[in-house]
Amino acid sequence: MDTIASLFSFITTPVSWVIVQFHSVYGALFGPDTGWAWGLSIVSLVILIRICLIPLFVKQIKATRAMQTLQPEMKKIQERYKNDKQRQSEEMMKLYKDTGTNPLSSCLPILAQSPFFFALYHVLNSIASNDTIGVINTSLLESAQKAHIVGAPLAVKFTDSASKVEALGASLTDVRVVTAVMIVLMSASQFFTQRQLMTKNVDTTVKTPFMQQQKMLMYVFPIMFAVFGINFPVGVLVYWLTTNVWTMGQQMYVIHNNPTPGSKAQASYLERLHKHVTTHGKVSRRRDKVIIKAIVAKGRDRNEFERKFINGLNKAGLAAQTDGTVIKSDTAVAVETEDGTPTTGTPKRQQPKRQTKAQRQSGVTKASGESEPKTSLTKSDEPEDAKPAAAAKKGGAKSGSGTRSKAQSGQRKGPQRPKSPSKK
């Protein structure tokens, strides 16, 4: 471990200088030899480093979004080469190379913090070994050795012997309890951060190696912190616990305000945005305009939550524009189906209500409330086909022969009796 730490010795002087500057401020408030002064100096070092890493974090978010846009292509590759895992992996790597994306982009903040982490470890290890380092001179070294955080010296470890702990003015039990609690909190915060990323901010519609990687990290990192944490000085545990809490809060902010498309966090965000827009009739925040603009630009490639959001705006008489704004719409309501095809909600044709027998006889309609003259068939109104039949009826017996001849000619109504086959 000392060999690895020595590789980052070039940064130990800047790290020790920053700690000393913060210590001079907090020492004036809490006392130069207190654990508050040295502990808060380490916490302030973490905050300063994480603020400097915000541009890298933004780059990480963009890289993660780029990975999300590749989800449909990844799904096609999986379906095409589902029986050939090696070819599937080769096509995935080719896709990453062609699009310039990196599936390991989520590890960038951790990798960027590594030099500072090892430099701080080297500084605290030198304090425990009673060696000056960087800008920490003999007087500052004695002050740091006297500092205790909840009864545990700043430079002791969980695995240190009782004699070494007693030489720094502490008991082994206090050191073991404090370091164990900090290791548990450090591992739990790491697990919670990764779990909320997997359960809320990941598109679960497509199973990709990226998701498998994130799921693996959710369990690997807490175990690594628990195993290696027993060899970390108390000051390093303070550093790592602080950076985990910062990461957790930063991740919660991103999930709440800039969720991954297709995730549960996006569904919650669009529900809040829909409620805000329908209440005020406009989009007030610039961040919301950027997201609405991206949704409109997708067109038929919108996911289920985005189509639901657009349909909700249309039903409320609003229309999302290409610049991310929302205006009132007087046109017919357009609703998107599951495949993204817009359909206009035209009213159905109403069938007339059925009239009663009395209304039909009197000629009164419910719709107009006006009466129509009752019509009856007179002799002049009779159809021409009915006149011969009426004349035949008047003729009585005279027309009997004509009726009989018509019946014999096969013109009578009703089913005919089948003829029986003749026997030869």
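Colleague: What share of the protein chain is buried?

Modeller: Buried residues make up 39% of the 424 residues in the protein chain. Buried means under 20% relative accessible area, exposed means over 50%, and partly exposed lies in between (1.4 Å probe, protein chains only). This is a predicted model, with residues numbered from 1 along each chain as its sequence is written. Local features need pLDDT of at least 70, side-chain atom pairs count only at pLDDT 80 or more, totals for chains, interfaces and linings use all residues, and side-chain values use heavy atoms, with hydrogens and water left out.

Colleague: How many helices and strands are there in the protein chain?

Modeller: The protein chain has 18 helices and six strands. Both are DSSP runs numbered from the N terminus: helices are H or I with at least four residues, strands are E with at least two.

Colleague: What share of the contacts joins residues 24 or more positions apart?

Modeller: Such pairs account for 64% of the contacts with a separation of 6 or more. Contact means heavy atoms within 4.5 Å.

Colleague: Why is threonine 12 called buried?

Modeller: Its relative accessible area is 5%, under the cut-off, so threonine 12 is buried. Threonine 12 sits in helix H2 (residues 12-30). Not counting residues up to four places away in sequence, threonine 12 touches Ala119, His122, Val123 and Ile133.

Colleague: What does glycine 235 contact beyond four places in sequence?

Modeller: Glycine 235 is in contact with Ile42, Leu120, Leu124 and Leu154. Isoleucine 149 lies 86 residues away along the chain, yet the C-alpha atoms of that pair are separated by 8.7 Å.

Colleague: Where do the contacts of leucine 237 fall?

Modeller: Leaving aside neighbours within four places, leucine 237 is in contact with Thr179, Met182, Ile183, Met186, Gly229 and Phe232.

Colleague: What makes H13 roughly perpendicular to H14?

Modeller: The axes of H13 (residues 264-280) and H14 (residues 286-298) come within 12 Å and cross at roughly 110°. That falls in the 65 to 115 range, so the pair is roughly perpendicular. For other angles, under 35 degrees is roughly parallel, over 145 roughly antiparallel and the rest oblique. The axes are lines fitted to C-alpha atoms, for helices over the stretch in contact, with angles from 0 to 180 degrees between N-to-C directions.

Colleague: Which residues meet where H13 faces H14?

Modeller: From H13, Tyr269, Leu270 and Leu273. They meet Arg287, Asp288, Ile291, Ile292 and Ile295 in H14.

Colleague: How do you know that aspartate 288 forms a salt bridge with arginine 285?

Modeller: The closest N and O atoms are 2.9 Å apart. A salt bridge needs a side-chain nitrogen of Lys or Arg within 4 Å of a carboxyl oxygen of Asp or Glu, so this pair qualifies. Aspartate 288 is buried at 1% relative accessible area, whereas arginine 285 is partly exposed at 39%.

Colleague: How many salt bridges does a search of the whole structure find?

Modeller: Four. One of them joins glutamate 306 to lysine 298 at 2.8 Å, N to O. Glutamate 306 is buried at 1%, and lysine 298 is partly exposed at 30%.

Colleague: What makes lysine 164 and aspartate 160 a salt bridge?

Modeller: Their N to O distance is 3.9 Å, within the limit, so the pair counts. Aspartate 160 is buried at 9%, whereas lysine 164 is partly exposed at 31%.

Colleague: Why is the phi of valine 150 worth noting?

Modeller: Valine 150 has a positive phi of about 55° although it is not a glycine. Most residues other than glycine have a negative phi. Valine 150 lies in the loop between strands S1 (148-149) and S2 (152-153). Its relative accessible area is 70%, so valine 150 is exposed.

Colleague: Which residues make the nonpolar surface patch of about 670 Å²?

Modeller: Met216, Tyr219, Val220, Ile223, Met224, Val227 and Phe228. Patch members have over 30% relative accessible area and no salt bridge; nonpolar side chains (Val, Leu, Ile, Met, Phe, Trp, Tyr) are joined within 5 Å, like charges within 9 Å. Valine 220, in helix H11 (residues 209-229), is partly exposed at 33%.

Methods: Accessible areas come from the Shrake-Rupley method with a 1.4 Å probe; for residues, only the protein chains shown count as cover.
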